[in-house]
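Here is a brief report on one structure.

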Amino acid sequence: MRLSLSFLLLFISVLCLTAYGSNTPEKRVRAHRHAENIKIDGKLDEEAWKYAEKASGFIQREPIPGAPATFDTEVYFLYDDYAVYIGARMYDPEPEKILKELTIRDQVGNTDNFSVFFDAYKSGLHGFLFTVTASNVQSEFVVTNHEDDASWNAVWDSQVHIDEYGWYAEIKIPYFSLRFPTAEIQEWKVQYQREIRRFREYSTWRAIDPLVNGWVQQSGTVENIRNIKSPFRLSLTPYLSGYVNTTHTPRSNQPASVSTAYSAGLDLKYGINDAFTLDMTLIPDFGQVISDRQVLNLTPFEVFFEENRQFFTEGTELFNRGRLFYSRRVGGRPLHYYNAYRQLKPGEKITDNPEVAQLYNATKISGRTAQGTGLGFFNAIVGEEYATIEDAEGNSRKYRTNPRTNYNALVVDQNLKNNSFVSIMNTNVWREGADYDANVTGAFFNFKTKDQNYYTEGNAVVAQRIFPDKNDIGHSYNVGIGKAGGQWTYDIWHGLESPNYNPNDMGFLMSPNEQYFYLGGGYAEFSPENPKLQLYRFRVESNYSRLVHPNVFTDFNISTNSFVLYKSRFAFGINGRIEPVPTYDYFEPRTSDFSIGLAWPQNYMLGGFISSDYRKAFAYDVNLSHRIFNAEGRTTTSLRLGPRFRFSDQFSMFQSLNISWLQNEPGYVNRWLAGEALEDIPSHRILMGIRDRLVTDHSITARYIFNSLMGVNLRIRHYWDRVMHDGFGLLEQNGYLTAIDYDGRNDKGKAIFDRNVNIFNIDLQYNWRFAPGSDIIFVWKNQIFNSDDQYQRNYFGNLGGLFDAVQGNSFSVRVLYFLDYNQLRSSKGPDFSGTGMSGAKQLDNIC
């Protein structure tokens with residue numbers, strides 16, 4: 001903590017020496033109220049557009065920051081009692097060269113596009129971003145601390161039109177899709193952006209200086225917005241789903257098992273006031289969510305999976321603090337799932353053990369006041385789950401694997417001067433019965449100087465698990481200072497997690513009992529003298545870490561990385577890492593007291609990447625790294641190939657092939673699986689294996705988009721992981737291994753610890769947006785998992801052998817219908833007659 005106070009004092013001294021930094025010139029226009037009916041057809045031919053004040057003079061953001069845009073852009077801002085209307089005229093002397101690839105919603109693709117950003121509360125940190133492409137494909141984002149989040153959903157209308165002078169975008173955004181104050185006369189921070197895709201040129205209305213940290217505060221101003229009111233916001237999205245699930249084994253005489261299921265539920269959105277929204281899901285159905293990227297986990301740590309369930313990705317940006325809210329915990333694996341297997345008596349077996357706890361409902365409230373106070377509340381109720389255990393006579397009994405559980409999260413976030421903020425967050429998990437409860441409280445802050453160049457940031461968290469007879473309390477903190485603006489940047493950090501710090505009932509932490517000291521710095525050049533270069537940057541970092549208890553050294557490393565981008569959009573980078581002294585892993589031995597660590601010898605890594613121009617029909621990414629250890633025969637090599645094919649503006653395919661070779665890697669093995677073969681070795685000794693591992697993760701994603709409302713996505717993934725042990729040893733106190741005479745085989749000659757694992761998934765999804773915010777979705781999911789001892793097979797042999805394994809298939813249809821109160825109540829209200837209507841996103845982003 002003494003070091004943390006030193007950081008803070010150093011930062012205060014920096015503040016005293018920092019002069020006010022210059023900003024790009026302010027831009028302002030007046031909004032125009034209209035009474036005419038605006039038809040959203042992309043032509044801007046209504047009289048009202050002629051009276052609106054023009055926003056023009058766009059400035060490049062890329063490739064030449066500060067230079068005038070290549071082509072002129074004119075934008076107009078209209079409003080009435082129901083909506084904001086944006087008209088954009090984008091000149092282009094060669095309209096036949098305007099790129100217009102079709103994509104699924106929320107993906108821009110290889111196409112020209114136009115964006116409008118609103119920061120109605122003038123926070124300098126947050127807002128809403130709407131993007132439409134030259135093919136009229138829509139995207140919308142909630143922006144938090146300058147980061148875009150595409151999981152937010154809104155209902156709005158757009159249409160585009162191409163003529164001999166360029167293209168138009170006409171946009172209508174109803175007030176129920178925005179948040180703004182209640183003042184009689186308002187001015188909003190607004191930014192417009194255009195991309196000319198064939199030049200990869202981004203230009204904005206108000207110039208954005210790349211040397212200033214953050215872009216939201218560099219928006220222009222739209223004034224004279226008068227007498228508008230936030231409407232009564234209430235929408236319902238009922239759904240109905242039907243499933244046919246099959247399980248079968250090819251080449252067997254057994255018929256496939258078939259089951260059916262259906263579900264119905266409701267999503268509700270209600271505007272509590274102009275700033276706050278209540279979202280609720282009743283009896284949610286997540287059966288169509290894209291498959292997780294499952295892997296063979298040989299580490300002592302939990303695998304982190306991305307959240308793909310829409311309710312938990314939308315409107316949760318306020319909860320993204322220090323990984324205290326990991327929504328996969330809610331409705332995830334039952335608390336005592338594995339305990340069910342420990343309850344088995346001789347002759348018993350488990351006939352049913354649900355892998356997911358039933359989520360009954362979830363509610364969240366979020367918003368931000370005109371004073372910059374953000375509030376977020378989340379609540380979810382998960383039901384009981386039981387495993388079914390059956391004995392040899394067919395008698396069955398139940399074992400409760402999950403108690404009825406209530407999940408809560410509360411966050412208060414306050415914007416401060418200079419786009420700074422402070423936040424307080426609390427999560428609580430209450431479980432019915434004798435199971436323990438959990439509570440976590442954290443405070444977070446980020447203070448910036450007026451010129452946005454310097455900052456200090458940190459957090460402190462207390463986590464407790466409440467058992468019937470005791471409380472287990474742990475803590476963590478992180479604090480840092482740095483320079484984030486300008487060509488030269490740097491930062492210094494220190495953090496600590498106590499041995500019993502555990503936020504994982506509702507958050508995510510790989511490992512506690514660690515402390516670190518970090519120093520990093522870099523340089524970026526956005527206007528290189530070489531006319532062929534667009535930008536280059538490099539960075540050097542160093543990290544020193546120890547355990548907290550016992551206070552022993554674990555790691556020291558120095559790393560560097562670089563990035564070079566040409567105006568042709570070819571990019572490359574080189575990175576390296578060195579651990580100049582032996583380091584120690586105290587987690588791999590799986591001891592509870594961290595009394596012994598596994599030594600990693602000195603090692604060096606060199607890697608790099610190349611990336612070609614995505615505008616071309618064929619593009620590629622290649623990543624390669626090689627790590628050499630100061631130990632005989634020990635290396636790690638990783639290769640990633642990512643070719644991209646665009647066959648037309650409607651059909652494209654992406655491939656990702658990741659291969660990792662690990663030679664002579666030491667790793668923990670469970671000695672008790674060896675049985676009597678190791679009974680002469682004392683029970684406290686830790687057995688390690690020396691293994692060769694080949695991991696291949698291959699995905700092919702294809703999409704065919706019929707139009708802006710209908711498309712098909714396909715993802716095929718094959719994961720193959722082969723682990724073969726060359727020898728075994730006992731871990732000594734110095735961290736190194738003493739070899740033993742043991743080959744890792746049982747009395748039948750079968751390798752006990754080797755693995756040959758194959759995982760195969762198909763996710764096919766067809767989506768039709770048949771009405772505003774309303775979808776019909778068809779999904780086919782196929783899953784195969786196979787683990788065998790066919791170690792001699794190559795990649796294609798393993799791929800072919802998959803189809804002899806048990807296969808699971810799920811075919812489902814889901815219908816959602818969006819109902820909006822204002823739309824039903826008034827014919828004058830939001831009209832989505834154009835083909836660019838948009839709404840709740842259901843098509844999974846799988847590209």
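Leu 533 is buried, because its relative accessible area is 13% and the cut-off for buried is under 20%. The model is a predicted one. Leu 533 sits in strand S31, residues 533-547. Leaving aside residues up to four places away in sequence, Leu 533 touches Pro 528, Val 564, Leu 565, Tyr 566 and Lys 567. Ser 420 is 113 residues from Leu 533 in sequence and 34 Å from it in space, C-alpha to C-alpha.

**Nonpolar patch**

Val 244, Val 258, Phe 778, Phe 811, Val 813 and Val 815 make a nonpolar surface patch of about 450 Å². Strand S47 (residues 807-816) gives the most to this patch, with 3 residues. Phe 778 belongs to strand S46 (residues 774-787). Phe 778 is partly exposed, at 32% relative accessibility.

**Salt bridges**

The count of salt bridges is 47.

| Pair | N to O distance |
|---|---|
| Glu 26 and Arg 206 | 3.3 Å |
| Arg 105 and Asp 106 | 3.9 Å |
| Arg 465 and Asp 505 | 2.8 Å |

Arg 465 lies in strand S27 (residues 454-466), and Asp 505 in the loop between strands S29 (488-497) and S30 (514-525); the pair links parts of the chain 40 residues apart. Asp 505 is buried at 7% relative accessibility. Arg 105 and Asp 106 are both buried.

Arg 206 is buried, at 6%. Both residues belong to a network of salt bridges that also includes Arg 28, Lys 122, Glu 187, Lys 189 and Glu 223.

Key. Residues numbered from 1 in each chain as written. Predicted model: local features only at pLDDT ≥ 70, side-chain atom pairs only at ≥ 80, totals over all residues. Heavy atoms only, no water. Helix = DSSP H or I, 4+ residues; strand = E, 2+ residues; numbered from the N terminus. Buried < 20%, exposed > 50% of the residue type's maximum accessible area, 1.4 Å probe, protein only. Contact = heavy atoms within 4.5 Å. Patch = residues over 30% accessible without salt bridge, like charges linked within 9 Å, V, L, I, M, F, W, Y side chains within 5 Å. Areas by Shrake-Rupley, 256 points an atom, 1.4 Å probe, with all protein chains shown as cover. Salt bridge = Lys/Arg side-chain N within 4 Å of Asp/Glu carboxyl O.
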